[in-house]
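Here is a briefing on one protein model. Please look over the sequence and the structure before reading on.

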Amino acid sequence: PDVKTTIVPSLATAAINAIAGRVAGIAVMNPRTGGVLALAGEAFSALQPPGSTMKIVTTTAALQAGIAKLSTTYPIATQSDVGGYILHNAFNEACGGTLLNAFAISCNSVFAPLGVQVGASRFVSMAKAFGFDQPPSFPGELESEIPAANQIQGDTELGVSAIGQGRVLATPLEMTDIAATIADGGRRPLPTLEAGQKPRFVHVTSRRVAGLVQRA
């Protein structure tokens, strides 16, 4: 029998063409329904460090816990000491200022120490709410991984995890779902390939906090 999916062939073709045979993954999702509109390359079948896209999780956790506001200011620096490890910014650039500015320019010297301030428990709990370590939504999708809070080895690993490195691994689909959560006001849409399926959501954060991250 015919199968109706959420995939939009024109978007899928555009994603495949954009990858152009390179090792990459693209996922496109409707944040209001969780409907997956396109998957190309390693969109859900390979894990990689999410890098600075993980700063969405770190920022959400910090704002929700009241540890920071978008107006909170941080030193302008080229590096930061994270548990005794000197972590440098990309190309040793000097950055900092408000949290809003640090997010906009993806400043490691702000976000690694911010992850330490958030703490392992809150950081990992937020990542799991966003979809890490959760059962895949459909066959063939790999589960994005983050160490348990009690397995994160000190401030250095926590700070590195807060900027999406270390043992944090994700699929492009997982990071798309994180962006969709913010776009939909703090509700995480569960990804689906079934057209017409009733949308399902998981509460991650408040509409107020999601709105702040949207602004960032």
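Is Thr205 buried or exposed? With a relative accessible area of 1%, Thr205 is buried. The model is a predicted one.

- Thr205 sits in the loop that runs between strand 8 (201-203) and helix 8.
- Its relative accessible area of 1% falls under the 20% cut-off, so Thr205 counts as buried.
- Beyond its neighbours within four places in sequence, Thr205 contacts Thr60, Gln64, Gly185, Gly186 and Ala210.
- With Gln64 there is a side-chain to side-chain polar contact of 2.7 Å.
- Thr205 and Ile182 lie 23 residues apart along the chain, and 8.7 Å separates their C-alpha atoms.

**Helix 2**

- Helix 2 covers residues 55-65, and nine of its 11 residues are buried, so the rest of the structure largely encloses helix 2.
- The buried residues are Lys55, Ile56, Val57, Thr58, Thr59, Thr60, Ala61, Ala62 and Leu63.
- Thr60, one of these buried residues, is also among the contacts of Thr205.
- The cover over the buried residues of helix 2 includes helix 3 (99-104), helix 4 (108-118), helix 5, helix 6, helix 7 (172-183) and helix 8 (207-215).
- Just after helix 2 comes Gly66, with a positive phi of about 75 degrees.

**Helix 6**

- Buried residues in helix 6 are Glu157, Leu158, Gly159, Val160, Ser161 and Ala162.
- Their cover includes helix 2, strand 4 (79-82), strand 5 (85-88), helix 4 and helix 5.

**Ser144**

- Where is Ser144 placed? Ser144 is in the loop between helix 5 (120-129) and helix 6 (154-162).
- Ser144 has 3% relative accessibility and therefore counts as buried.
- Its side chain reaches the backbone nitrogen of Thr171 at 3.3 Å.
- Leaving out residues up to four places away in sequence, Ser144 touches Leu47, Phe132, Asp133, Leu169, Ala170, Thr171 and Glu174.

**Salt bridges**

- How many salt bridges does the count give? The count comes to three.
- Side chains of opposite charge can pair when their charged atoms come close.
- Arg167 pairs with Glu157, with 2.7 Å between the closest N and O atoms.
- This pair links distant parts of the chain, 10 residues apart: Arg167 lies in the loop between helix 6 and helix 7, and Glu157 lies in helix 6.
- Arg167 is partly exposed because its relative accessibility is 39%.
- Glu157 has a relative accessible area of 13%, so this residue is buried.
- Asp177 and Arg188 form a salt bridge through their side chains, at 3.3 Å from N to O.
- That pair also links distant parts of the chain, 11 residues apart, with Asp177 in helix 7 and Arg188 in strand 7 (residues 187-189).
- Both Asp177 and Arg188 are buried.
- Arg187 and Asp184 meet in a salt bridge through their side chains, at 3.0 Å from N to O.
- Arg187 is partly exposed, at a relative accessible area of 36%.

**Asp184**

- Asp184 lies in the loop between helix 7 and strand 7.
- Its relative accessibility is 11%, so Asp184 counts as buried.

**The largest pocket**

- The volume of the largest pocket is about 210 Å³.
- Its lining has 17 residues, and those closest to the centre are Gln134, Pro135, Ser137, Glu141 and Arg188.
- Arg188, one of these five, is the salt-bridge partner of Asp177.
- Which element gives the largest share of the lining? Helix 7 does, with three residues.
- By type, the lining divides into six nonpolar, five polar and six charged residues.

Terms used
Residues numbered from 1 in each chain as written. Predicted model: local features only at pLDDT ≥ 70, side-chain atom pairs only at ≥ 80, totals over all residues. Heavy atoms only, no water. Helix = DSSP H or I, 4+ residues; strand = E, 2+ residues; numbered from the N terminus. Buried < 20%, exposed > 50% of the residue type's maximum accessible area, 1.4 Å probe, protein only. Polar contact = N/O pair within 3.5 Å; in protein donor to acceptor, adjacent residues only side chain to side chain. Contact = heavy atoms within 4.5 Å. 1 Å grid on protein atoms, 1.4 Å probe; cavity = no way out; pocket = protein on both sides within 12 Å on 5 of 7 lines; lining within 4 Å. Points joined across faces, edges and corners; volume = space filled by probe spheres on them. Nonpolar A, V, L, I, M, F, W, Y, C, P; charged D, E, K, R; others polar. Salt bridge = Lys/Arg side-chain N within 4 Å of Asp/Glu carboxyl O.
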